[in-house]
Every structure is written in C-alpha cells, then in structure tokens.
Amino acid sequence: MAAAPGVARSRFVVVGGGIAGVTCAEKLAMEFPSEDIFLMTASPVIKAITNFKQVSKTLEEFDVEEQPSSLLEKRYPNIKVIQSGVKQLKSDDHKIFTEDGKEYIYEKLCLCAGAKPKLIFEGNPYVLGIRDTDSAQAFQKNLAQAERIVVVGNGGIALELVYEIQGCEVIWAIKDKAIGNTFFDAGAAEFLIPKLTAEKRETPIECKRTKYTMEGSEEKERSLAASDKLGSALGPDWHEGLHLKGTKEFCHKVHIEILCEVKKIHLQQEFIQLQRTSLTFPKEEKNVEPDEVLWPVYVELTNGKIYGCDFIVSATGVVPNVKPFLHGNNFAVGEDGGLKVDKHMHTSLPDIYAAGDICTASWQPSPVWHQMRLWTQARQMGWYAAKCMAADTLGESIDMDFSFELFAHVTKFFNYKVVVLGKYNAQGLGLDHELMLRCTKGQEYVKVVMQNGRMMGAVLIGETDLEETFENLILNQMDLSAYGEDLLNPDIDIEDYFD
Ligand SMILES: Cc1cc2nc3c(=O)[nH]c(=O)nc-3n(C[C@H](O)[C@H](O)[C@H](O)COP(=O)(O)OP(=O)(O)OC[C@H]3O[C@@H](n4cnc5c(N)ncnc54)[C@H](O)[C@@H]3O)c2cc1C
Ligand SMILES: NC(=O)C1=CN([C@@H]2O[C@H](COP(=O)(O)OP(=O)(O)OC[C@H]3O[C@@H](n4cnc5c(N)ncnc54)[C@H](O)[C@@H]3O)[C@@H](O)[C@H]2O)C=CC1
C-alpha cells in the first residue's frame, strides 16, 4: 500500500548513525538488496568501521571513521540516510516523526541512538563531558588555556585523559581506592601508576586517520560546555588527533584523590565569600602547585579538600538516549536507563529492536559475558539485531551470535596493550574464586580469575601473547586444577601445553 503524501514508508528503519546503527543498516542492506533501508540520524556524519580485524575467536579490532552519509549510500545504494533527529515514536501505529516535520512508517525498527555523558552537576558551565567530536574539540580548546583541571570519574575516559594530558595539572578525584575500577583491580592499578609519574616523550601530534570535516563549517565560539547536539561517540584513538596540552611546560602532573566524590562546585565569587567564613584553600599536596592565583571555579570534595581549577571534566559514565522514544510507548527500561532487549535484540514492544549503547541486555547471558558500553559490543549488537530482524521477517529461527559467548575487549591504557576477558574482575563470582598473578614491573601484568579449577576471566597488560590461549581456556571451561600455578609459569610455553 502506498503511503499518504508527506509520509514515507520503509520495511526497515534504523535510528542512529553511530557504529550500532550503521552496522545494522549495512547488514539489512546486504540481506535485503531490493528493499530500501532508511537510516535516520541526528548527526551530519555517520560512523564507518574500517580495517576490521578478527584478532581471535571473540577479540576484534577496527578503526572508526567519521564519513559523510553519501559515502555509505554509495557503498549500499539501497540505504537512504535521512539526516534529522527523531522526535517522537508512535509504536502502536508503527510511525516515527522527525525534527524536520516528516513522518515515516516502518514494519521493523531498530533503535540505535546511543548514549550521552552522565554529568555530575549537569548544567554547570564549568563541567565538561566528552562524547563526540564537538565535545572533544571543546575540551581541547579549553585545555589549551588551562593550568589546572579536575577530572572526576575512574573509567575508560578518565584513564585515557590523565595519561594523555600534558602541561596542565590534573587533580583526579575517584570514588574508589585504586585507579581504573571499571577495567582493573588494585594490583593492576599499582602496575600502571608509575606511568603517570614518568616523563613522557613529546610525540609529534598528528592525525593518525584522515578525519572528515564538514565543508564550509566555521569554527564557532563555544562556551565552556559543548553543545547539546547528539553526535556519535568517538572512535578508537580519538585523542590522537587532538593536542591535549595545557599552558605549562611539564608533562604529567597528576594528583590523585581517592575515596571521594564532588560535594559542591563554587564559582570564584562564592569561594571568596566562603573563604571569609569557613572554607580554606588546599594545603600542601603531592603534585599540586601552591595556589597563588584565584581560580575560575573551586571543587569541594567529600573528603573536605577544595581545589581551584580552570574547569572540571566529568567522566562519570553514560545514560542511554531513550527520551524521544519513551513518550506514549510502554518500553521496559533497565536499571541503567536503557531499553531492555531479549536474546533477539527485541525490545518489549512489537517490531522494535535496539542495539548498542541505548540498550540493556536483558537475556540470561553466558556465564562469562556481560554488557559494557563499548564499540565492539555496539558493532556486534547492530550486526546481530539486523540478523534477528531478517530472521523474523522471513519466519526463520536464529541462534545467539557467538560474540556473546565471551566478553572480550582489547584496548590501550597508559600506552600498554590491555586485553580483558570474561569475568576479568571476578564480577558476580562472589568470594568463591581465586586469583593468580604474574607481574614484571614496567613490562607485563597477567591476572587470571579461577573458579572450581576453571578459568573465568583474565586481565592481560603488555605484550603477553596469552590472549588466544586464555580465550580458549575460558571458552572450553577445561578443568585446570592439575596445572596449578604452572598456568602462569613464564618458563612453560602454555600454548604447547594445551595443544
Ligand atoms: C571518549 C570516548 C572514548 C571511548 N573509547 C572507547 C574505546 O577505547 N573502546 C571501546 O570499545 N569503546 C569506547 N567508547 C565507547 C564507544 O564509543 C561506544 O560504546 C559506541 O560508539 C556506541 O555506539 P552506538 O552506535 O551505540 O552509539 P553512538 O555512537 O552514540 O551513536 C548514536 C547515534 O544516534 C544518533 N541519535 C541520537 N539521538 C537521535 C535521535 N533522537 N534521532 C536520530 N538520531 C539520533 C546520534 O547522532 C548518533 O549518530 C568510547 C566512548 C567515548 C565517548
Ligand atoms: N579504552 C576503552 O575501552 C574506553 C572505553 N570507554 C567507554 O566509553 C563509555 C564512557 O566512558 P566513561 O565516562 O569513562 O564511563 P565508565 O562507565 O567507564 O566509567 C565511569 C566512572 O565514573 C565513576 N562515577 C560514576 N558516577 C560518579 C560520581 N557521581 N562521582 C564520581 N565518580 C563517578 C564510576 O565509578 C566509574 O569509575 C564507557 O562505556 C566506557 O567503557 C571510554 C574510554 C575508553
């Protein structure tokens, strides 16, 4: 049936031009070459995966490029990119409405609208989040004039920032006892800390990849905080094209405040007032210059300390972008605010799927897989959601994708290769587990998590070359009790052992 004038109809509509949405649209375009696939996105550019490499059964590596949507349409002529934000969904009528006043009817819809930074003191102009190209550039611009910043949060972004920033004092405020709590335990944190104090060689700052920039776009004056535009999350090595340098000549100067949160943020005037009454300035702290100036803003921590700074980076996690889709639609939403999806990436509403950062995996997972909002999972979910949409359309059955058998992530922190596998931090294992460690200072840190003689997870920092063997040992759940500590004995070639 033809759609009414002003209304477009497509069998498959995907919302979101990030990794999840683009991968989903590409896979649908391959499965249904004679169907038009509509890809709606609020951002003017889309994310494309290049140089995809399957490192092992479950570990994958790739680059992410920002590209004009015309390139995607050229690669897949049956993908039509519609550059407009979705402002409303009427799931009962299978309709979506975009910001530009248009209406679209779908048969099957996949929501891949990502997430946005969950900021502390949201709305405070001195608090910055980092998510997309715009916010990263706003950060770089502000850093170029900064002498001291406060970084709050202890996950991926904070870890990358404190290491990359040069020429600016960093006060790093973390809730936990040790750094990097989302990826490491205290032992790994100890291994990494010396890198924060080491003098870092000044590397030439250059763009590793050609990045697409909007033609004719002029550099606008920005306020401290970036705009509210919904861009896609940044790609691997996002900081390599940025000049993350403050005004000073030193490399690293990081002071870590543990077991604390931000209690209050005072503007300069408020601080001056308060100083007259109760608050006092920070005393002598390691890696903190004595204060001789007044700062634009002051951060009061729950441990009673107050630090002046130029601005604050809130690297405190993300919240899924569900807002435009919830009104009038009874979606089941997870505790983390994401759209709950079942083992076929299906939300609780008919014909609506979700993938990537927007969704909350709500199936019974494999004992060694868990969700983390990462680009590998965004790709895998987008791909698998398209396969599920295709199978439902064709009345076929489908098994869960193998990528959800084992949590596997490879990345880089403090210039070390980092591989995390399975329940690498003994997540959900309770007290009933054992840890085995091997560490050579400055070179490698290997930790395995064992339960009932079986390997459940591992953290591998440095060039350990153990990822494939450990991946297999976790996947096949072999009883390793007989090998004891030999499992980590560097004099034994573990790969031969298990051949
Ligand atoms: C600074 C930073 C560093 C990171 N580093 C790593 C890393 O090293 N390794 C790793 O694995 N992961 C990393 N991540 C996480 C990773 O980038 C994300 O998990 C992943 O990109 C999510 O992809 P997505 O497609 O689900 O969402 P997004 O990339 O956020 O894309 C969402 C898309 O939806 C669009 N959109 C939003 N709302 C609407 C709407 N209403 N209508 C239409 N379109 C809409 C947006 O414009 C965007 O195109 C990092 C994230 C950040 C911010
Ligand atoms: N190399 C990698 O793999 C990277 C991955 N990422 C991913 O990008 C996403 C966003 O990164 P992050 O913002 O770093 O999120 P995150 O989820 O990795 O870490 C959030 C951190 O903030 C802390 N936190 C939360 N609320 C807080 C509060 N009120 N006060 C103080 N601390 C608080 C948490 O304890 C946690 O340490 C994540 O999904 C992350 O996994 C980001 C950068 C690098």
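The legends below walk through several close-up views of this predicted model.

Local features are described here where pLDDT is at least 70, and side-chain atom pairs count only at pLDDT 80 or more, while totals for chains, interfaces and linings use all residues. Residues are numbered from 1 along each chain as its sequence is written, chains are lettered from A and ligands numbered from 1 in the order in which they are written, and side-chain values use heavy atoms, with hydrogens and water left out.

**View 1. The whole chain, as a starting point.**
The chain holds eleven helices and 26 strands; both are DSSP runs numbered from the N terminus, helices being H or I over at least four residues and strands being E over at least two. Of its 499 residues, 53% are buried. Here buried means under 20% relative accessible area, exposed means over 50%, and partly exposed is in between, using a 1.4 Å probe and protein chains only. Among contacts (heavy atoms within 4.5 Å) with a separation of 6 or more, 66% link residues 24 or more positions apart. Accessible areas come from the Shrake-Rupley method with a 1.4 Å probe, and for residues only the protein chains shown count as cover.

**View 2. The largest nonpolar core and a second one apart from it.**
A nonpolar core is a set of buried Ala, Val, Leu, Ile, Met, Phe, Trp, Tyr and Cys residues joined through side-chain atoms within 4.5 Å. The largest has 106 residues, and L111, F139, I149 and W172 touch the most other members. Helix 9 (residues 375–394) gives the largest share of this core, nine residues. Apart from this core lies another, of 26 residues, including L59, M455, M456 and L466. In soluble globular proteins, nonpolar side chains tend to be buried together.

W172 sits in strand 12 (residues 169–173). Is W172 buried or exposed? W172 counts as buried because its relative accessibility is 0%. Beyond its neighbours within four places in sequence, W172 is in contact with a set of residues including V151, N154, L159, I179, L196 and I256. Its side chain also reaches the backbone oxygen of G153 at 2.7 Å, a polar contact, that is, a pair of N or O atoms within 3.5 Å; within protein, one must be able to donate a hydrogen and the other to accept it, and residues adjacent in sequence count only if both atoms are side-chain atoms. H255 is 83 residues from W172 in sequence, yet their C-alpha atoms are 6.0 Å apart.

Oxygen atoms of ligand 2 lie 3.1 Å from a polar backbone atom of N154 and 2.9 Å from a backbone N or O atom of G317. A nitrogen atom of ligand 2 is 3.4 Å from a polar side-chain atom of E160. On its own, ligand 2 has 830 Å² of accessible area, and the protein covers 83% of it.

**View 3. S91, in a loop between two strands.**
S91 lies between strand 6 (86–90) and strand 7 (95–98). S91 counts as buried because its relative accessibility is 9%. The side chains of S91 and N329 are joined by a polar contact of 2.8 Å.

**View 4. Helix 10 and what follows.**
In helix 10 (residues 467–476), the buried residues are E467, T469, F470, E471, L473 and I474. Their cover includes strand 23 (416–422), strand 25 (444–451), strand 26 (454–461) and helix 11 (494–497). Just after helix 10, Q477 takes a positive phi of about 50 degrees. Q477 counts as partly exposed, at 28% relative accessibility.
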